[in-house]
Amino acid sequence: MYKNSYRPSRPSYGQSRFNPRRFSQPGGLIDTQKYIKKAVEKLEVVSDESTCVFADFSLPAKVLSNLTARGYTKPTPIQEKAIPSVLEGKDVIGIANTGTGKTGAFLIPLIDKIMKNQAERIIVMVPTRELGQQIQAELRQFAVGMPIFSTLCIGGANIQNQIYQLRRQPHFVIGTPGRLKDLIERKILNMQQFHTVILDEADRMVDMGFIQDITYLLSLLPQERQSLCFSATISAQVNTIIQSFLKNPITVSVRSQDTSENVEQNIVRLEPGKSKIQTLEKLLEQESFKKVLIFGRTKRGVEQLATHLHIKGFRAAAIHGDKTQQKREQAIRLFKDEVVDILVATDVAARGLDISGITHVINYDEPATYDDYIHRIGRTGRGNQKGHALTFV
Ligand code: AMP
């Protein structure tokens, strides 16, 4: 990693605020052996790759040409399995992580649904703003040149704009539970109009404490509807939601593997006489650490770590829940565009992030649960690339 003088716009960076000891280290929650795993070299992806092509589904010609323009040559396994059932109007449970193409698995057939009935209204519920933005960006790409409209209803963004857009009756409303509730209470959003609902990353929503909000939002929907639920894992609470709100669902699942095969996982022990932060700096100085996502447990810790790294000459940005939406987007963009090569994040802020080419995920603070660990390390080793995950213990 090269150091340079990139300076984030945030003016309040200052060394005095940094205190490495403030970092919380829950430690010992997860067996450290679970953080160690050799990557499997994959020369080509064979596994359960799709054998079909998008043209095998009866999709509008424009969607097919948009997929080609987007560079999608064939469906991913979750798309191959889910698209036919969604097209048939069935309720679907998709067990899949981010990175599997799950967004396309529901957006592609639902675009067809709208093309067949322009009056159809679809609501997508997501745990985080970033995931909502990614879904809307993906939708726009799939629907280039088609009369398909969407509105993003997320916290941290101007509600008046959202109200204005909702009045124009978009086909897709993509939102986080809190903002959706707010819009319902203001009598702007009427849930009765949605005959298709998607719960994306349902496990994350439950983890983030949204279960009551989701239950409330789902209870406002019309009985006659198509419901889709995507989740990396089906916990007891996710199962409760599925049992109460989905009818005779079809379950589609992509290889339920513990952790990504092509992520080399290891632990980091402190070097004798070196502090945790010094050990991290030594790692980051290595040339192979080209694009690094570092996880911290608290918003404050993340901010302090990014500040410290910046002072030490690394090109680092931070995302966490205390940052404004604009700042979060800016940090993600800088990392995507490789203006910075280190992004320090909390679990919540990094949820659903889809950034290609991350070479290393570093768990500076241990994750609270093994499930969080799986989500964190899933940000590297995308596609057929090899990734590395290092956990400080
Ligand atoms: P997702 O799991 O929906 O977050 O998608 C993960 C990544 O895979 C995104 O960057 C998508 O653009 C990409 N992707 C989704 N479907 C396909 C496909 N059929 N072919 C190639 N890339 C895809």
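**Exercise 1. Decide whether Asp 372 is buried or exposed, and find its salt-bridge partner.**

Step 1: Asp 372 has 9% relative accessibility, so it counts as buried (buried means under 20% relative accessible area, exposed over 50%, partly exposed in between, with a 1.4 Å probe and protein chains only).

Step 2: Its partner is Arg 204, with the closest N and O atoms 3.2 Å apart; a salt bridge needs a side-chain nitrogen of Lys or Arg within 4 Å of a carboxyl oxygen of Asp or Glu.

Step 3: Asp 372 belongs to helix 14 (residues 370-377) and Arg 204 to helix 7, so the pair links parts of the chain 168 residues apart (helices are DSSP runs of H or I with at least four residues, strands are E runs with at least two, numbered from the N terminus).

Step 4: Arg 204 is buried too, at 1%.

A note on the model: it is predicted, so local features need pLDDT of at least 70 and side-chain atom pairs 80 or more, while totals for chains, interfaces and linings use all residues. Residues are numbered from 1 along each chain as its sequence is written, and side-chain values use heavy atoms, leaving out hydrogens and water.

**Exercise 2. Describe the salt bridge between Asp 200 and Lys 102.**

Step 1: Their side chains meet at 3.1 Å, N to O.

Step 2: Lys 102 lies in helix 3 (residues 102-116), while Asp 200 sits in the loop between strand 5 (196-199) and helix 7 (202-207).

Step 3: Asp 200 has a relative accessible area of 0%, so it is buried; Lys 102, at 4%, is buried as well.
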